[in-house]
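Here's a quick briefing on a protein and DNA model, put together for someone who likes cut-offs spelled out. Have a look at the structure first, then read on.

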Number of protein chains: 2
Amino acid sequence: MLAEPTRRRILDRLRRSESSVGELVAALGMSQPAVSKHLKVLREAGLVTCRTAAQQRIYRIDLRPLRAVDDWLGPYRRMWTDHLDALERHLDSQE
Amino acid sequence: MLAEPTRRRILDRLRRSESSVGELVAALGMSQPAVSKHLKVLREAGLVTCRTAAQQRIYRIDLRPLRAVDDWLGPYRRMWTDHLDALERHLDSQE
DNA sequence: TGGTCATATGCCTGTCAAGGAATGCGAGGC
DNA sequence: GCCTCGCATTCCTTGACAGGCATATGACCA
């Protein structure tokens, strides 16, 4: 999901402000179908929501699924805040 | 990278303790070549280091690359800690 | 209702990655 | 020196996915 650079770019842009599909197409310099497909993936992953405004679809980011990523990262973050310095010293010493 | 469930399982296991390839094979119930290939990917990504102990290769996690993930997540985390409640209220209201 | 605009979907192709089977390779034990 | 063990690498097949083009859908306007 976040492995796709294009999708991260979409999220980074939607993080600043919601956008229509056309705006994203212009910003990404990609074909419109490609953008729509990425948006579909993001939609099904729950990372974005969309509302219909006239003929446009306005996409907006939904942060909640990212908390799962943050939760997964939690134990690791604890490790490096606790022991990173010691680990670095260890790794440097064995190079 | 982290999109692969198998690799996340490997990391989750190495987070608790370093392991040899054989231990990982047994823990994951996968073929040995498959595990070695995933370890190669993780090695080239800098997420694990390995040392040679007798005939075994002992793999150990390296947390430093995960800080990049954490950094990428930073702006989003700020958003939800600041505004998640408001966003949830907004989304609920428009369902 | 016919036409147009904004978006979604289907079809096609190229690319890439995962997994298994077989094999190569270095370290130890006899 | 040979054989075995632990792991890495190669080859192969299969499946997933990105991107483009063409086309469908759906909302609005004349």
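## Briefing: chains, bridges and DNA

Between chain A and chain B the count is two salt bridges, a salt bridge being a side-chain nitrogen of Lys or Arg within 4 Å of a carboxyl oxygen of Asp or Glu. Everything here comes from a predicted model, where local features need pLDDT of at least 70, side-chain atom pairs count only at pLDDT 80 or more, and totals for chains, interfaces and linings use all residues. Residues are numbered from 1 along each chain as its sequence is written, chains are lettered from A and ligands numbered from 1 in the order in which they are written, and side-chain values use heavy atoms, with hydrogens and water left out.

**Where chain A meets chain B**

- One bridge to look up is B:Asp70 with A:Arg77, whose closest N and O atoms are 2.4 Å apart.
- Six residue pairs between chain A and chain B are in polar contact, both residues being at pLDDT 80 or more. A polar contact is a pair of N or O atoms within 3.5 Å; within protein, one must be able to donate a hydrogen and the other to accept it, and residues adjacent in sequence count only if both atoms are side-chain atoms.
- On the side of chain A that touches chain B, the elements giving two or more residues are H1, E3 and helix H4 (64-93) of chain A. Helices (H or I, at least four residues) and strands (E, at least two) are DSSP runs, numbered from the N terminus.
- H4(A) gives the most to that side, with 18 residues.
- By type, the residues of that side of chain A split into 16 nonpolar, two polar and eleven charged. For the bookkeeping, Ala, Val, Leu, Ile, Met, Phe, Trp, Tyr, Cys and Pro count as nonpolar, Asp, Glu, Lys and Arg as charged, and the others, Gly among them, as polar.
- In contact terms (heavy atoms within 4.5 Å), 29 residues of chain A meet 29 residues of chain B.
- The two chains bury about 3000 Å² between them, 71% of it on carbon and sulfur atoms. Buried area is the accessible area (1.4 Å probe) that two parts lose on being put together, summed over both.

**Salt bridges elsewhere**

- Searching the whole structure turns up twelve salt bridges over all chains.
- A:Arg64 and A:Asp62 pair up through their side chains at 2.9 Å, N to O. A:Asp62 is buried, at 4% relative accessible area, whereas A:Arg64 is partly exposed at 31%. Buried means under 20% relative accessible area, exposed over 50%, and partly exposed in between (1.4 Å probe, protein chains only).
- B:Arg15 and B:Asp12 form a salt bridge at 3.7 Å, N to O. Both sit in helix H1 (residues 5-16) of chain B, three residues apart, about one turn of the helix.
- B:Arg60 bridges to B:Glu18, with the closest N and O atoms 3.1 Å apart. This pair links distant parts of the chain, 42 residues apart: B:Arg60 is in strand E3 (residues 56-61) of chain B, and B:Glu18 is in the loop between H1 and strand E1 (19-20) of chain B.
- B:Arg60 is partly exposed at 26% relative accessible area, and B:Glu18 is partly exposed at 30%.

**Around DNA strand D**

- DNA strand D is surrounded by 22 residues, and the closest are A:Lys37, A:His38, B:Gln32, B:Ser36 and B:Tyr59. A residue is near a molecule or strand if one of its heavy atoms lies within 4 Å of it.
- An N or O atom in the side chain of A:His38 is 2.4 Å from a phosphate oxygen of DNA strand D.
- H3(B) gives the most to the surface near DNA strand D, with five residues.

**Around DNA strand C**

- A polar side-chain atom of B:His38 lies 2.4 Å from a phosphate oxygen of DNA strand C.
- H3(A) supplies the largest share of the surface near DNA strand C, six residues.
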